[in-house]
Structures are given as C-alpha cells and as structure tokens.
Protein chains: 2
Amino acid sequence: MAFLSKEIGGYFLDIPKFKRLPRHIAIIPDGNRRWALNRGLEKHEGYKNGITPGLEVYDICEKIGISEITFFGFTQDNTKRPQIQRKAFVDACIKSVQEISKRDAEILVIGNTNSDVFPEELLVYTNRVKVGKGKIKINFLINYGWYWDLMYAFDNSTDSKRTIENIASADIPRIDLLIRWGGRCRLSGMLPVQTVYSDIYVIDEMWPDFKPEHLFNALEFYQDQDITLGG
Amino acid sequence: MAFLSKEIGGYFLDIPKFKRLPRHIAIIPDGNRRWALNRGLEKHEGYKNGITPGLEVYDICEKIGISEITFFGFTQDNTKRPQIQRKAFVDACIKSVQEISKRDAEILVIGNTNSDVFPEELLVYTNRVKVGKGKIKINFLINYGWYWDLMYAFDNSTDSKRTIENIASADIPRIDLLIRWGGRCRLSGMLPVQTVYSDIYVIDEMWPDFKPEHLFNALEFYQDQDITLGG
C-alpha cells in the first residue's frame, strides 16, 4: 500500500492510497456519552469532545478528494434526552458548523426548523452556503427526523410535486459509505432514502476516541466492496 | 447459557435460552451465487440450495417463539440479472412459499404484482393467508422495490390517505433484528421505513451454508443491544 504524506492540522499524516473512493460518506458519531461515563465524567460532558474528531474527518476527506460528507448531528428522537444533554449536543453541533465555516466547504444544514430546538445560529445554512474556496460539500443533520423527512414530500408540496424526490433531504444524494463509531450496527433513522444501498462500516471505539486509522480502515473496507446498487 | 432441546426437522437441536428476543426478524439470504461459484457450479445453481435454510430458520423461530419473520425474496433491482438466474431465484422463492404453506404460519407476500416477473402462484398470498395453526407471521418480499414501496403511498391513495403510513409494505411492522448472510453490511433496498432502527447482524458465510449457530449468534448479539429507537 502506497502512502501520501499530507499536512493536516499542522502535522504530517501518512494517508494510504486507495484504489477507489466513495463519492459521499455519512458519519454517525456515536458513543459520546459512553466515552464520558468510561472516564468518570457525566454523560453530557462527552459531546464537546466530539467536535475535534469531526474537523479531523473533514481535513482528511478534503485532502484525499472526497466530494461530500454528511454528519449525523442530532435527530428529533435525540431531543427526548434530558435537557442538560440536549444543550450539550446542540452546542457541539453549532460549534462544529461554525468551525467548518472557517474552512473551505459548501455547507448545508437539513432539519426541522419549525421547533425551538433548532438553533437559530444555523438557519443561514438551510440553503447551501459556500465558505472559503468551497469545493467539498459538508451536510449536517440538525433536528432531523426520518418521518419528518419523508412526510415533507406529502405535506409541503402541490399535487404535481408529491413524489419521493421532494423529501426534505432531497438536496442530499445517495450515500456510498456510512461509517458509525461506538460499535452499534444500525442507522438510527439516518436518511432512509439515501442509505438504501449504502455500505455500512462500524468502528467499535467511541467517537471522541477518533483516530485517522478508523477512517482509513473504513475506506479500505469500501474499496473492496462489490457495488451493485441492489442489482 | 441454558439450552432447550427441541425436535426440529426430525432431529433434536440444542437451542440456547435468550434473555430477550426480537419480535420481528428480517432475513437477507445473500451469497447464493458466490456459494455456487465456490463449488465450481454456475451462478444460477446456487438459488435452489437456499430453500432448505429458509425452512430451518422458520423451524427454529417457530419453536423459540419469534412472532414474525420477513424474508428478502427478490427485488426489482435483482430482476436486471440474466434470465437464467432470474428464473432460478423466482423458482426458489415460489418453492419456499409453497413449503411454508404446508406448515403453521400466516403468510403475506409483498411486491409489485403489475409485472410479468411476479409469479402468479403467489398472487393468493398478497392478502395474508393463515395456513395450518397460523401463529407465526411469515412475510416474503417478491418483486419488491424500495422506490415502488414508497411511491405507492403517493400514487395509489386519495388525498386524505397520502401519508407514509400507506406505503405498499404498510402491513409489515418495524424490524427489530436484520440478519444478512454473505458478508455484506448493507440493506440493498430492503424496507427503508421498517429498518430505520433495526439492529443489523452480518454473517460471513453464504446463505446455502446456513447453520443454526448463525441464527443463535445473531440472537445473542441482539439480546445485548441497547434498544433506544433512536432516542
């Protein structure tokens, strides 16, 4: 396996050379609360440690030429958690988007804005915003719900536009590779239409314990998959 | 771990005792063609070796008290394969439903019947049919398509019925545990609405190499999952 040496976040990292890359990667950054408990912290203290890993994923993907990343920020299901946790994960999501906005990206936030839980700081990103030199598309699911997403096509359309192509997340294309941290092998309601053919790769480590090798292992898994789109 | 000794298919099998069972299991019986190639057979010869494993899954699930199983028969995507393969997997699906119809079950077939590919032998099962003593619900996806399933709610409904609750597969409930043979970790378009929270368990062996232990391992995996329904 050949390596490329790239400067990332001020240091050089050897990145494997892949035979074939996914166009669009989804990230489920699970395990923040378990990570906190394992360290004797309170559950809500995990989330702020999930910001830097997202930026590292961005840095590596931008360097190797991934076209699009979608981050599972939080769902409407998640908002049933205790208030202190909710504040912590909403704050971590806001901070994550703000940090990406200082880099090169085309940012899009998808989620139900008709709710007090949706942070007003992110309203500006509900239409795609180019920051810096643009190039890589970065999507965040913020107060997203699978049911809300699908029902949007029924509720907010005229008769002629009532089609599955008009779901709320219509601007997010098919996901090639979905990577989930925290050991669980499930979608947790993430983008049911875009994940119908996704290859799923699960990393046992918790999201705040992110290492570049996790992402490399997922990309190595993906390059050997037989892509049939259900055929 | 305690074991129950049960008579299954004429012999006694030690079945582990599980702390907690899934209500509804989905089965993706993948790897028939690779199994055939590995044995020096032609690809299409694999499918007929996938019938007995399905009956074994039925037997075990019926004995341990699973309420419902949904088998991924074939999809509209699959029908793009060469004619000789298509005939082989359609025949294997017909035979599988016919074998289950000799047992105790409540059989339902879901798929697009407006197509020559849909086998007319199975039309009778497009409304649920009780056979023998009934009890366990057995669903088969036959000429199923995720897009067809979702679009059904838009196309075949009056205004007031246009809701995601009226998808074509509306009679199939949420899937708790999805088990896929053949090593791939993806849904391949299986029931996007019912799988949003499913725990997925992948078995590397090919479907015709089914062993009861595969199912037991999946059930052991499931009993230790934290079920949050996205919360």
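How many residue pairs are in polar contact across the interface of chain B and chain A? In this predicted model, the count comes to 22 residue pairs, with both partners at pLDDT 80 or more. The close-ups below start with that interface and then turn to some aromatic rings.

**Figure 1. Here is where chain B and chain A touch.** Chain B puts 37 residues into the contact, and chain A puts in 37 residues too. Between them, the two chains bury about 3,200 Å², and 55% of that is on carbon and sulfur atoms.

**Figure 2. Salt bridges cross the interface of chain B and chain A.** The rule finds 4 of them there. One to look for joins the side chains of A:Asp226 and B:Arg184, with 3.3 Å from N to O. Now for the pieces of chain B that do the touching: α4 (146–155) and β9 (199–203) each supply at least two residues of the side that touches chain A. Which of the elements gives the most to that side? That's α4(B), with 6 residues.

**Figure 3. A:Trp146 and B:Tyr197 make an aromatic pair between chains.** Over all chains, a search of the whole structure turns up 23 aromatic pairs. In this one, the ring centres of A:Trp146 and B:Tyr197 sit 6.5 Å apart and the planes are at 80 degrees, so the pair is edge-to-face. A:Trp146 belongs to helix α4 (residues 146–155) of chain A, while B:Tyr197 lies in the loop between β8 (177–181) and β9 of chain B. Are these two residues buried or exposed? Both A:Trp146 and B:Tyr197 are buried.

**Figure 4. B:Trp181 and B:Trp207 pair up edge-to-face within chain B.** Their rings are 4.8 Å apart, centre to centre, with 75 degrees between the planes. This pair links distant parts of the chain, since the two residues are 26 residues apart. B:Trp181 is in strand β8, and B:Trp207 is in the loop between β9 and α5 (212–223). How buried are they? B:Trp181 has a relative accessible area of 0%, so it counts as buried. B:Trp207 has a relative accessible area of 3% and is buried as well.

**Figure 5. Three rings of chain A form a cluster.** Look for A:Tyr47, A:Phe74 and A:Phe89, which are linked by ring pairs.

Conventions: Residues numbered from 1 in each chain as written. Chains lettered and ligands numbered in written order. Predicted model: local features only at pLDDT ≥ 70, side-chain atom pairs only at ≥ 80, totals over all residues. Heavy atoms only, no water. Contact = heavy atoms within 4.5 Å. Buried area = accessible area lost by both parts, 1.4 Å probe. Polar contact = N/O pair within 3.5 Å; in protein donor to acceptor, adjacent residues only side chain to side chain. Helix = DSSP H or I, 4+ residues; strand = E, 2+ residues; numbered from the N terminus. Phe/Tyr/Trp six-rings, centres within 6.5 Å; stacked < 30°, edge-to-face > 60°. Buried < 20%, exposed > 50% of the residue type's maximum accessible area, 1.4 Å probe, protein only.
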